[in-house]
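Here are my notes on this one, as promised. Have the viewer open while you read.

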Amino acid sequence: MRKEDKAVIIAQLVEKLNEYAHFYLVDVTGMDAQATSDLRRKCFGSDVKMIVVKNTLLQKAFETTEIDYSPLYPSLVGNTAVFFSNVANMPAKLIKETSKDGIPGLKAAYAEESFYVGAENLEALCAIKSKAELLGDIVGLLQSPAKNVISALQSGGQTIHGVLKTLGERPE
């Protein structure tokens with residue numbers, strides 16, 4: 001591969017690293033063409049961008065960004081695919097759903113500004129809630145006490161009104 005081609009690939013990888021908030025390094029060793037094609041299709045359906053990369057080019061892309069990705073360097077061995085996503089847990093759920101006998105396997109991940117190295121972190125990554133899920137939980141928690149206060153005021157409002165009316169009509 002020519003030096004110019006490598007520079008273009010590194011620039012594209014840096015662009016993807018800046019565009020997406022989360023990415024996963026996935027071991028695709030042992031996957032045949034049909035399995036890889038099926039995985040790409042599932043990634044496309046889940047809004048996950050899958051790119052198979054050379055480890056050295058990916059490391060050079062890591063080195064040119066502002067974030068220190070050095071904890072991920074030991075994971076750059078064998079065949080590597082990068083799953084880019086804006087939802088932190090989507091690639092983890094996809095890997096868990098599609099893996100058979102550890103293929104594809106998680107090597108490492110950068111999600112929610114944290115590093116997860118090793119396949120044992122797959123369950124923790126699946127449990128990460130997306131921004132939409134967290135907002136839904138917060139709205140639900142905030143609505144519950146507000147509903148209680150509103151219903152208490154509505155039911156007690158007539159009692160308060162009656163007391164005030166009686167007090168207002170009372171001769172002094």
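Predicted model: local features only at pLDDT ≥ 70, side-chain atom pairs only at ≥ 80, totals over all residues.

1. I'd start with helix H2. It runs over residues 33-45, which makes 13 residues. From first C-alpha to last it reaches 18 Å, close to the 18 Å expected at 1.5 Å a residue.

2. Which residues of H2 are buried? They are Thr 36, Leu 39 and Cys 43. Looking down the helix axis, the buried residues of H2 fall within an arc of 60°, so they line one face of the helix. Ala 33, Gln 34, Arg 41, Phe 44 and Gly 45 are exposed, on the other side of H2.

3. What do the buried residues of H2 pack against? Their partners are strand E2 (49-53), strand E3 (80-85) and helix H4 (90-98). While you're there, have a look at what follows the helix: Asp 47 comes after H2 and has a positive phi, near 60°.

4. Now the aromatics. Searching the whole structure turns up 10 aromatic pairs. One of them is Phe 23 with Phe 84: the ring centres are 6.2 Å apart and the planes sit at 50°, so I'd call the pair tilted. This pair links distant parts of the chain, with Phe 23 in strand E1 (residues 22-27) and Phe 84 in strand E3, 61 residues apart. Both Phe 23 and Phe 84 are buried. Strand E3 is also one of the elements that the buried residues of H2 pack against.

5. Another pair to check is Phe 62 with Tyr 69. Here the centres lie 4.7 Å apart and the planes are at 40°, so this pair is tilted as well. Phe 62 has a relative accessible area of 1%, so it counts as buried. Tyr 69 is buried too, at 2%.

6. Last, the cysteines. Cys 126 has a relative accessible area of 13%, and that is under the 20% cut-off, so Cys 126 counts as buried.

How values were computed
Residues numbered from 1 in each chain as written. Heavy atoms only, no water. Helix = DSSP H or I, 4+ residues; strand = E, 2+ residues; numbered from the N terminus. Expected span 1.5 Å × (residues − 1). Buried < 20%, exposed > 50% of the residue type's maximum accessible area, 1.4 Å probe, protein only. Arc of directions from axis to C-beta. Contact = heavy atoms within 4.5 Å. Phe/Tyr/Trp six-rings, centres within 6.5 Å; stacked < 30°, edge-to-face > 60°.
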